[in-house]
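Please walk me through this protein model, starting with how the chain is divided and ending with the contacts that link its parts.

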Amino acid sequence: MLVLGIESSANKLGIGLIKDDKIVFNKRVTHFTPAGTGFIPSETAAHHARNILPLLEECIEATGIRLSALDLIAYTKGPGMAGPLQVGAIVARTLALYLDKPIVPVNHCVAHIEMGIKITKAKNPIILYASGGNTQVIAFSGKYKIFGETLDIAVGNCLDRFARLARICNDPSPGRNIELLAQSSHEYLYLPYTVKGMDVSLTGILSYISSKYDLNNEETVQALCYSLQETIFSALVEVTERAMALTNSNEIMIVGGVGCNERLQAMMKAMARERGAMLYAMDDNYCVDNGAMIAHTGMLMHESNQIFTLEQCDVVQRFRTDTVSVTWKE
């Protein structure tokens, strides 16, 4: 089974190739913007359009595999930004039509989960999905059910917006640079902490920061990086532990781009240890958006007899995790 996966939901464009469930190629290119700015969907889509064919050519040259040898093409259907999603979908549909190969539209969130299970070997964990566009606490029971989620913006979006306020560099990512700056301070500055049952709310933190603190002061910014991580990660640990108690689970898995944050992993590991549970986490090779996770999930869907027409292979910006038919799991 030779499967090509295309990921284009946000500012990272990824192409992955798996052969008999072994990853043989997995590379991404990232759209960066100047400090103090975010990425605009139209500009991100233009970046992906410029880079997708060169990245595909690199995959072919690096692996020596011809496109005609592909058995399946998978792409990200959503959730994500419409323009960038369309770039991946158009290329996937074109390849499927030209090569006369089956195509599978993949849910981005479910792909993160399935890649996490593949890499960590977790059995049936409570999943914290923490990324730029999504924050959800998930468990599998017939399908991936959402126990709790953000009521407004995602955790990665919160970090990105703070980075813009503080004019923190976007390369390699705002979250990574916040993580590094946080290591320079252990001064906790008060920030609002909002947990409502199984859900979290994050927008109030940003408005509080902008009204109360001087973001032109380097020491204050470092202290805020530390405080922001401690506050929002504590909220994530709290709702994850509540889901574990509800389901009597002894496994936790963190996925999504924010999931490779070492401080978040350390806080979650401490909670898991107190409960006698096991934490499963990954580094940025597979935690951050990538094409291999799309290829792997597309293969699982195809092998469980999910068949799609070309007309069904569109994009959906708000493609919820709990609407996916998970036919490959018991």
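The paragraphs below take up the domains, then a sheet and its helix, then the salt bridges.

The model is predicted. Its chain is divided into two domains: domain 1 is made of residues 2-112 together with 289-323, and domain 2 covers 123-281. Taken over C-alpha atoms, the centres of domain 1 and domain 2 are 27 Å apart. In the contact, domain 1 takes part with 15 residues and domain 2 with 17 residues.

The size of an interface is often expressed as the accessible area that is lost when the parts come together. For domain 1 and domain 2, the area buried between them is about 1400 Å², and 54% of it is on carbon and sulfur atoms. Seven residue pairs are in polar contact between domain 1 and domain 2, counting pairs with both residues at pLDDT 80 or more. The count of salt bridges between domain 1 and domain 2 is one.

Five strands make up an open sheet with mixed pairing, and their order is 8-7-6-11-12. Strand 8 (144-149) and strand 12 (278-280) each have a single partner strand, so both stand at the edges with one side left without a neighbour in the sheet. On average, neighbouring strands of this sheet are turned by 25° against each other, direction ignored.

Strands of a sheet pair through backbone hydrogen bonds, and the pairing is either parallel or antiparallel. Strand 7 (residues 135-140) pairs with strand 8 in the antiparallel sense, over five bridges. Within this part of the sheet, Phe140 stands opposite Tyr144, which belongs to strand 8. Helix 3 (residues 108-120) packs on the sheet and touches strand 6 (126-130), strand 7, strand 8, strand 11 (251-255) and strand 12. The direction of helix 3 makes about 125° with that of strand 11.

The salt bridges remain. How many does a search of the whole structure find? The search finds nine salt bridges. One of them joins the side chains of Lys118 and Asp21, at 3.5 Å from N to O. Lys118 lies in helix 3, whereas Asp21 lies in the loop between strand 2 (12-19) and strand 3 (22-30), so this pair ties together parts that are 97 residues apart in sequence. Another salt bridge is formed by Glu149 and Arg320, with 3.2 Å between the closest N and O atoms.

Methods: Residues numbered from 1 in each chain as written. Predicted model: local features only at pLDDT ≥ 70, side-chain atom pairs only at ≥ 80, totals over all residues. Heavy atoms only, no water. Pairing = 2+ DSSP bridges. Helix = DSSP H or I, 4+ residues; strand = E, 2+ residues; numbered from the N terminus. Axes fitted to C-alpha atoms, helices over the stretch in contact; angles between N-to-C directions. Contact = heavy atoms within 4.5 Å. Domains from an automatic or database assignment. Buried area = accessible area lost by both parts, 1.4 Å probe. Salt bridge = Lys/Arg side-chain N within 4 Å of Asp/Glu carboxyl O. Polar contact = N/O pair within 3.5 Å; in protein donor to acceptor, adjacent residues only side chain to side chain.
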